[in-house]
Amino acid sequence: MSSLRKAIKSVRYAVSNLRYECQKQESATGFPVWFGLDETVSKLASGVVSISRFGDGEFLLLNGIGLDFQDSNPLLAQRLKEVLVSNVKDHLIGIPNYFFSLREYPCEMKKYLREILYDYRECSLRVLDMSKSYYDTNVSQYYATSDDVQWLEKYFHNLRKIWNEKNILIVKGEHSETDQVHNFYDNANSMEFCYAPSRNAFSQYEKIYLNIKKQVGERMVILALGPTATLLAYDLSKEGHVAMDLGHLAKSYDWFKRNKAVSKENEPFFPV
């Protein structure tokens with residue numbers, strides 16, 4: 001019976017989302033201006049632009065729903081809303097490309113996203129500033145959605161231009177990405193690390209921020225710390241630093257080089 005209920009729910013979610021999935025996000029009505037992958041990478045490769053990204057996790061937290069690695073918190077939700085509608089010079093806001101067409105996503109991801117969108121699409125869209133221009137949250141996630149090896153080679157090559165011969169500071173969870181074989185950042189001039197809690201990082205936000213400030217100097221900051229990274233990139237950009245919330249991009253690259261599939265059986269299902 002449970003299998004039947006799941007099948008019925010899947011059909012309900014698919015039917016509910018159908019009218020949105022028939023539209024392209026770039027030209028959808030009732031939606032802000034949105035720039036895709038090429039424009040987003042081009043902006044970041046200028047070396048002076050920061051980015052904060054909003055994905056399913058950030059929108060769930062905005063709606064008071066906690067994540068496996070980050071508890072719901074009213075202040076966190078308030079701050080995420082602040083960032084989402086902010087207008088800071090040289091600071092981009094990324095939002096997902098899945099509010100509308102899902103055709104590029106694998107079948108299992110479509111099922112997951114349709115369920116999330118069924119419950120939270122409208123309330124998530126309401127918090128956007130329709131007069132703003134947004135960019136592509138999935139800039140760091142395309143390994144999870146594409147199996148075109150040639151395209152992915154070019155994708156990763158273009159991303160590496162962002163920190164080429166730069167001095168970078170990587171901020172990440174203390175227990176994350178411990179088994180990587182391939183270093184995505186080996187074309188940087190220098191690389192330092194700042195570690196933070198892998199779970200509930202927001203509870204130590206001020207401490208993390210001060211630690212970054214002690215180390216950052218003139219370095220470009222690359223952040224992989226869930227929703228906390230979204231806020232850090234914003235706060236650092238306001239102080240004139242280049243800070244990019246790129247999630248577990250290095251893990252995606254490592255998995256790509258090792259031909260490791262993104263799936264429910266592997267963590268994370270979406271390498272954010």
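**Exercise 1. Find which residues of helix H8 are buried, and state how enclosed the helix is.**

*Solution.* Start with the list: in H8, the buried residues are Pro227, Thr228, Ala229, Thr230, Leu231, Leu232, Ala233, Tyr234, Asp235, Leu236 and Ser237. Here buried means under 20% relative accessible area, exposed means over 50%, and partly exposed is in between, with a 1.4 Å probe and protein chains only. Helices (H or I, at least four residues) and strands (E, at least two) are DSSP runs numbered from the N terminus. Next, take the count: 11 of the 13 residues of H8 are buried, so the helix is largely enclosed by the rest of the structure. Finally, look just past its end, where Gly240 takes a positive phi of about 90°.

A word on the model before going on. This is a predicted model, in which local features need pLDDT of at least 70 and side-chain atom pairs count only at pLDDT 80 or more, while totals for chains, interfaces and linings use all residues. Residues are numbered from 1 along each chain as its sequence is written, and side-chain values use heavy atoms, leaving out hydrogens and water.

**Exercise 2. Describe the largest nonpolar core and the surroundings of Phe156.**

*Solution.* First, the term: such a core is a set of buried Ala, Val, Leu, Ile, Met, Phe, Trp, Tyr and Cys residues joined through side-chain atoms within 4.5 Å. The largest one has 82 residues, and Phe156, Leu159, Trp163 and Ile212 have the most contacts inside it. Helix H8 (residues 226-238) gives the most to this core, with six residues. Now zoom in on Phe156: leaving aside neighbours within four places in sequence, Phe156 is in contact (heavy atoms within 4.5 Å) with Tyr143, Phe184, Leu249, Ser252, Tyr253 and Phe256.

**Exercise 3. Work out how helix H6 is arranged, from its length to its two faces.**

*Solution.* Begin with length. H6 covers residues 149-160, and its 12 residues reach 17 Å from first C-alpha to last, close to the 16 Å expected at 1.5 Å a residue; the expected span is 1.5 Å times one less than the number of residues. Then pick out the buried residues of H6: Leu152, Tyr155, Phe156, Leu159 and Arg160. They cover an arc of only 135° around the axis, which puts them on the same side of H6; the arc is that of the directions from the helix axis to the C-beta atoms. These buried residues pack against helix H2 (37-44) and helix H9 (249-257). The face turned away from the buried side carries the exposed residues Gln150 and Lys154. Last, the N-terminal end is capped by Asp148, with a side-chain oxygen 3.2 Å from the backbone nitrogen of Gln150.

**Exercise 4. Is Thr40 buried or exposed, and what does Thr40 touch?**

*Solution.* Thr40 is found in helix H2 and counts as buried, at 0% relative accessibility. The Thr40 side chain reaches the backbone oxygen of Gly36 at 2.8 Å. Not counting residues up to four places away in sequence, Thr40 touches Phe35, Ile51, Tyr135, Asp136 and Val139.

**Exercise 5. Which loops hold Asp90 and Asn200?**

*Solution.* Asp90 lies in the loop between H4 and strand S3 (91-95), and Asn200 in the loop between strand S6 (190-196) and helix H7 (205-216). Recall that most residues other than glycine have a negative phi. Asp90 is partly exposed at 35% relative accessibility, as is Asn200 at 23%.

Technical notes: A polar contact is a pair of N or O atoms within 3.5 Å; within protein, one must be able to donate a hydrogen and the other to accept it, and residues adjacent in sequence count only if both atoms are side-chain atoms.
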